[in-house]
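Thanks for coming, everyone. Have the coordinates open if you can.

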Number of protein chains: 2
Amino acid sequence: MIEEKGILFVLSGPSGVGKGTVRKALFEKDTALQYSISMTTRQKRAGEQEAVDYFYRTKDEFKSMIEENQLLEYAEYVGNYYGTPRKYVEETLAKGNDVFLEIEVQGALQVKENFPEGVFVFLSPPSLEELKNRIVSRGTESDALVTNRLQAAKDEIQLMDAYDYVVVNDQVDKAVEKVQAIVKSEHCKRERVAKQYKKVLEVE
Amino acid sequence: MIEEKGILFVLSGPSGVGKGTVRKALFEKDTALQYSISMTTRQKRAGEQEAVDYFYRTKDEFKSMIEENQLLEYAEYVGNYYGTPRKYVEETLAKGNDVFLEIEVQGALQVKENFPEGVFVFLSPPSLEELKNRIVSRGTESDALVTNRLQAAKDEIQLMDAYDYVVVNDQVDKAVEKVQAIVKSEHCKRERVAKQYKKVLEVE
């Protein structure tokens with residue numbers, strides 16, 4: 001009855017906060033979300049598929065796309081480019097499907113600049129102590145590196161103000177429920193739906 | 001850890017849409033919400049209690065409160081006043097509890113004027129046909145009265161734009177889930193919580 005466009009949701013937060021864990025747990029519960037497929041210049045690995053794992057492009061192709069502003073964000077990592085293609089996101093949204101993107105803070109800010117109509121969710125650690133524990137427990141980092149990563153996280157937490165929502169990751173299932181609530185409630189936002197409801201209800 | 005003020009949620013919508021049904025179903029599932037207690041000049045009935053069913057006041061007392069802007073909204077109905085006392089709402093919110101108010105459209109617009117920081121949810125009928133059925137099935141109304149009420153509902157639907165969210169009441173349980181999602185997600189709004197998170201995370 002009501003035809004609605006999808007919404008781009010961006011989950012981000014400091015390194016070590018557990019973005020990947022929350023995203024995986026969310027996708028186990030919610031099959032309506034479409035995970036954003038990245039574009040990369042790295043080689044396709046055995047078992048990977050075009051338009052499933054990544055969109056695979058040459059460096060020249062990728063650079064052209066950067067110039068033509070066809071990427072919502074991109075970064076270079078160990079000699080290869082990775083990015084989020086605008087066309088794929090827009091086509092998925094146009095079909096009425098939500099797109100979900102999990103990404104580090106700098107990438108999220110790029111997306112916000114290129115696609116401000118997205119909904120930006122900042123995943124926050126419950127405390128600095130807890131974030132430190134998570135960074136340490138990942139393994140082999142030296143003390144100096146832990147201190148560096150903690151300072152980087154603090155710098156990223158400062159950028160919280162660019163986001164629409166803050167979800168604390170104290171318990172994964174609670175954080176997932178909050179993200180699900182955000183997804184559901186954003187679809188009820190008056191500015192998204194009022195026009196169509198009024199049409200259906202014949203008052204316009 | 002994070003101390004948060006409560007939020008005032010206002011559920012409204014045209015007469016016949018099922019506001020009371022959704023509110024009752026919501027309160028059966030959600031015990032953390034505090035229903036807003038109205039003030040009235042009507043006589044206390046057997047079994048009713050002050051500050052549970054209503055706050056009971058004389059007409060003179062009520063009129064003084066109107067003059068002193070101590071009511072978020074009020075209306076006269078069959079010779080008595082009914083209203084929402086600002087003080088009760090503010091004290092409940094200050095304790096960290098959410099307040100939930102179910103009210104007709106004109107009342108909601110008064111609340112919005114006096115308490116714009118509230119969250120305003122418009123309950124919408126799925127179709128005009130369905131709204132007409134609900135009005136007719138309530139019973140004894142004449143055809144002319146049904147036409148009048150339907151026109152009044154259409155006028156109220158025009159006022160949707162003053163609201164933050166629109167929830168369609170096609171199925172009560174779905175509508176309740178959406179209202180619950182709105183409550184949960186509003187508590188994650190960055191402008192409400194970022195300051196406190198930054199404090200806890202020692203970046204401010």
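Let's start with one lysine. A:K87 has 57% relative accessibility, so it counts as exposed. Keep in mind that this is a predicted model. A:K87 has a partner, A:E91, and the two form a salt bridge. Their closest N and O atoms are 3.9 Å apart. The cut-off for a salt bridge here is 4 Å, so this pair falls within it. Why are the two separated by about one helical turn? Because they are four residues apart in helix α3 of chain A, residues 86–94. And the glutamate? A:E91 has 42% relative accessibility, so it counts as partly exposed.

In general, side chains of opposite charge can pair when their charged atoms come close. Over all chains, the structure holds 20 salt bridges. Let me show you some others.

Go to chain B. B:E48 and B:R42 meet through their side chains in a salt bridge, at 2.9 Å from N to O. Buried or exposed? Both B:E48 and B:R42 are buried. Next, look at B:E186 and B:K189. Their side chains meet in a salt bridge too, with N to O at 3.0 Å. B:E186 is buried, and B:K189 is buried as well. Now over to chain A. There, a network of salt bridges links A:E186, A:K189 and A:R192.

On to the sheet in chain A. What is the strand order? It runs β2-β7-β1-β8-β9. That is an open sheet of five strands, with parallel pairing. Which strands sit at the edges? In chain A they are β2, residues 34–35, and β9, residues 165–168. Each of those pairs on one side only. As a reminder, strands of a sheet pair through backbone hydrogen bonds, either parallel or antiparallel.

Take β8 of chain A, residues 119–124. Four bridges join this strand to β9(A), and the two run parallel. If you want a landmark, A:V121 stands opposite A:Y165 in β9(A).

Follow the chain on from β9 of chain A. The loop between β9 and α7, residues 172–186, contains A:N169. This asparagine has 4% relative accessibility, so it counts as buried. What does A:N169 touch, beyond its neighbours within four places in sequence? Its contacts include A:V17, A:G18 and A:V22. A:L123, A:S124 and A:P126 are also among them.

Now look at β8 in chain B. Six of the six residues in this strand, 119–124, are buried, so β8 is largely enclosed by the rest of the structure. In β8(B), B:V119, B:V121 and B:L123 point one way. B:F120, B:F122 and B:S124 point the other way.

What does β8(B) pair with? Strand β1 of chain B, residues 8–12, pairs with β8(B) in the parallel sense, over four bridges. Within that pairing, B:F122 is the bridge partner of B:S12. β8(B) also pairs with β9 of chain B, residues 165–168, again parallel and over four bridges. There, B:V167 is the bridge partner of B:L123.

Last stop: where the two chains meet. The contact takes 35 residues from chain A and 35 from chain B. The area buried between them is about 3200 Å², and carbon and sulfur atoms give 64% of that. Which residues of chain A lose the most area to chain B? They are A:C188, A:R190 and A:L201, together 19% of what that side buries.

Polar links cross the interface too. The rule finds four salt bridges between chain A and chain B. It also finds 13 residue pairs in polar contact across the interface. On the chain A side, α6, β9, α7 and α8 each supply at least two of the residues that touch chain B. The largest share, seven residues, comes from α8(A).

One salt bridge to click on: the side chains of A:D161 and B:K198 meet at 2.7 Å, N to O. Then find helix α8 of chain B, residues 190–200. This helix lies across β8 and β9 of chain A, running at about 50° to β9(A).

That's my tour. Over to you.

Terms used
Residues numbered from 1 in each chain as written. Chains lettered and ligands numbered in written order. Predicted model: local features only at pLDDT ≥ 70, side-chain atom pairs only at ≥ 80, totals over all residues. Heavy atoms only, no water. Buried < 20%, exposed > 50% of the residue type's maximum accessible area, 1.4 Å probe, protein only. Pairing = 2+ DSSP bridges. Contact = heavy atoms within 4.5 Å. Axes fitted to C-alpha atoms, helices over the stretch in contact; angles between N-to-C directions. Buried area = accessible area lost by both parts, 1.4 Å probe. Polar contact = N/O pair within 3.5 Å; in protein donor to acceptor, adjacent residues only side chain to side chain.
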